[in-house]
Amino acid sequence: MNDFFQPFRALRFLAIFLMAAKAFGADTPITPGASPQAQSLLSYFSDIYGKKIISGQQEGWRGTNEFSFELNDIKNATGKLPELLALDFSPYTAPNHDTNHLLVKYAKDWYENRNGIVAFCWHWRAPVGEHAFYTKDTKFDLARGVIPGTPEYDGLERDLDTIAGELEGLRDAHVPVVWRPMHEVNGRWFWWGAQGPEPYKKLWRMMYENFTVKHRLNNLLWVFSPGAETDLAAWYPGDQYVDLIGQDFYPMDGNHGAIKDVFNELTALGRGTKMVALSENGPIPDPAELVKEKAGWLFFTTWSGNVLTQNNSREQLKQFFNNPYVLNLGEVPDLKNYPFHPAGKAVRLGFPAPPGGVAIGGERRLPVTVAIEDKNGRTVRAGNFTVTLALKNSSKGALTGNLTTAATNGVATFSDAKIDRAGKNYKFVATAKGLRKAVSAPFEVGPGAGIEREWWTNFTGDKLTDVDNFAAPPAGREILGKAFESPMKLATNFAARYRGYLIPPMTGAYKFWLANESVSELWISTNASPAGKIEITAVTRATPYSKWPHTHESESGAANLEAGKRYYLEAWQEQNAGSTQFAVRWQLPNGVEERPIPARRFIPLAEASNNSTNSVAQAK
């Protein structure tokens with residue numbers, strides 16, 4: 001073995017992931033005309049983000065007691081009560097649902113009389129057919145549910161009206177609600193995620209319209225809370241529909257760590273513009289570890305019942321709830337009158353986050369967004385504005401896609417903007433009638449266009465190496481033009497091969513992670529020739545679960561790579577049954593982590609082969 005692989009040295013943290021430890025500037029809630037109480041709560045969140053963590057607890061059945069079992073257990077162990085009370089609307093759309101509005105009464109009391117924060121989730125029982133929320137227990141078809149005029153659509157609207165009616169009682173009482181609908185969608189174990197991201201995102205928008213337009217609910221802070229890492233960006237409803245990002249996290253080994261890698265991933269998903277919280281957890285993260293690792297979770301929310309007691313000892317509860325980093329009931333200022341700064345008149349456009357690099361001719365994993373802003377940079381949610389996107393220097397390359405769009409909730413989204421030529425220091429220009437234009441931060445296109453993926457749906461090999469010699473032609477072939485990440489789909493006898501030429505952006509030691517549900521291998525060559533490839537990591541059936549739930553992940557040693565040099569890279573994947581999700585991430589020598597690796601870091605095989613003067617083609 002040569003010095004291509006060496007023990008991996010310690011690396012610095014990426015600056016953007018430390019953002020929460022610094023001052024976080026509050027934006028306006030995504031709902032136009034948000035209530036003063038909702039604006040106050042979001043402003044308070046912003047002021048303590050990265051400095052403190054708010055304690056929270058999901059409440060089970062309360063019965064005739066003042067508090068539920070969970071709250072009593074915490075109080076007896078710690079002398080404290082959590083600041084955030086989380087409730088579940090699940091019974092309210094069951095055939096024999098509660099008509100006494102008990103949860104609304106509990107929520108009112110918690111906010112009005114105790115100065116607590118109220119959160120709601122909704123284990124939504126399918127409105128047509130089997131009244132269940134788990135995918136395995138219902139045949140409800142969400143693809144039909146988002147089509148007006150179908151029985152499924154009518155059932156969804158009926159349930160939305162029911163829950164909106166409960167939330168109206170909280171709106172009329174001036175109670176803000178941390179609203180967390182359709183959680184853990186990307187795990188697909190609930191029916192709202194069973195048929196993929198597109199129907200789910202349509203349902204999210206359908207709910208948003210029903211609640212904010214039809215029922216005029218202006219007291220909600222909307223939380224997107226995935227439950228696994230699979231296809232994370234594909235499920236994100238969009239900046240214009242999300243106030244906070246949550247994570248439902250139950251580590252397989254029951255540890256009380258800071259979960260910094262998950263915090264980093266979700267911070268990157270929100271591009272540093274959305275606060276990140278633990279919307280569900282089993283073990284409570286140790287506050288000392290949160291401070292040490294600078295994992296600035298906004299709040300934690302321990303799940304109900306024995307999840308609380310089996311994952312957290314009484315000694316741990318006492319230690320955690322009495323840590324000065326944790327904010328409990330009675331330890332926060334008056335939330336009803338907490339100061340906030342409402343948005344003023346719309347005067348300009350702004351790019352809330354840098355666009356980031358993109359592959360040649362490829363789409364971004366997260367779309368370009370342009371905000372309608374007041375003079376202080378706050379997003380103005382009301383009003384009708386149409387935004388146009390262009391390149392500042394159009395002679396560098398051609399920009400294509402849907403480049404004119406109406407803003408929704410103060411945000412214009414450009415999901416398919418593509419540039420046909422590699423280059424550095426590209427900039428976008430955004431314009432809209434009556435508003436001052438905005439110029440984006442510079443970004444890079446290329447140098448690559450993506451990595452090739454080919455797959456088989458009838459693979460009968462006994463081992464991964466059989467993929468390379470499998471006689472049947474692939475069922476499909478594509479260039480992954482966003483990132484080294486394939487979508488989550490269910491399949492049997494599935495196999496895939498990924499091939500391309502990796503172009504490191506800097507010289508030094510790189511570390512790779514490979515994640516999927518079954519078995520896979522990652523190989524890289526010491527140069528552009530496939531003949532020199534070396535296996536650097538593999539996922540086997542014995543690979544333990546990663547910190548993200550339900551995905552196996554393996555880690556490589558260090559690979560010493562040279563900037564700008566082409567390295568042949570290959571990955572194999574085999575799945576007898578289950579999810580086809582597959583992702584590769586890496587850490588650069590300067591500590592920056594890209595998860596997954598962007599497509600622009602790769603040159604597809606076909607592109608290299610078509611260039612007769614290309615050294616890669618000659619190496620083949």
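What radius of gyration would a compact globule with 620 residues have, and what does the chain have? The rule puts such a globule near 25 Å, and the chain has 25 Å, which agrees. Here the radius of gyration is taken over C-alpha atoms, and the globule rule is 2.2 Å times the number of residues to the power 0.38. The model is predicted, so local features need pLDDT of at least 70 and side-chain atom pairs count only at pLDDT 80 or more, while totals for chains, interfaces and linings use all residues. Residues are numbered from 1 along each chain as its sequence is written, and side-chain values use heavy atoms, with hydrogens and water left out.

On the overall build, the C-alpha atoms fill a box of roughly 75 × 60 × 50 Å, taken along the principal axes. The chain holds 13 helices and 33 strands; these are DSSP runs numbered from the N terminus, with helices being H or I of at least four residues and strands being E of at least two. Of the 620 residues, 59% are buried, where buried means under 20% relative accessible area, exposed over 50%, and partly exposed in between (1.4 Å probe, protein chains only). The accessible surface of the chain comes to about 24,100 Å², and carbon and sulfur atoms own 50% of that. Those areas come from the Shrake-Rupley method with a 1.4 Å probe, and for residues only the protein chains shown count as cover. Among contacts (heavy atoms within 4.5 Å) between residues at least 6 apart in sequence, 74% join residues at least 24 apart.

Next come the pockets and cavities. Both were found on a 1 Å grid over the protein atoms alone: a cavity is a set of points where a 1.4 Å probe fits but cannot get out, and a pocket is an open set with protein on both sides within 12 Å along at least five of seven lines; lining residues have an atom within 4 Å of a point. Grid points are joined across faces, edges and corners, and a volume is the space filled by probe spheres set on the points.

The largest pocket holds about 1,100 Å³ of space. Its lining runs to 41 residues, with Pro355, Gly356, Gly357, Glu594 and Pro598 nearest the centre. Helix H8 (260-269) and strands S12 (368-373), S21 (443-445) and S32 (593-594) each put at least two residues into this lining, and H8 gives the most, with three. Sorted by class, the lining has 25 nonpolar, four polar and 12 charged residues. In that scheme Ala, Val, Leu, Ile, Met, Phe, Trp, Tyr, Cys and Pro count as nonpolar, Asp, Glu, Lys and Arg as charged, and the others, Gly among them, as polar.

The second largest pocket has a volume of about 970 Å³. Out of 42 lining residues, Lys201, Ala233, Ala234, Arg365 and Lys482 are the closest to its centre. Two or more residues each come from helices H6 (197-214) and H7 (232-235), and from strands S15 (404-406), S16 (411-414), S23 (476-480) and S24 (485-486).

Some backbone details are worth a look. A cis peptide bond joins Gly446 and Pro447, with omega about 15 degrees, and Pro447 sits in the loop between S21 and strand S22 (451-456). Another cis peptide bond joins Arg595 and Pro596, with omega about -5 degrees; Pro596 lies in the loop between S32 and strand S33 (602-604).

Positive phi values turn up in residues other than glycine too. His174 has phi near 65 degrees and lies in the loop between helix H5 (151-172) and strand S6 (177-180); His174 is partly exposed, at 48% relative accessible area. Arg188 has phi near 70 degrees and is placed in the loop between S6 and H6, but Arg188 is buried, at 15%.
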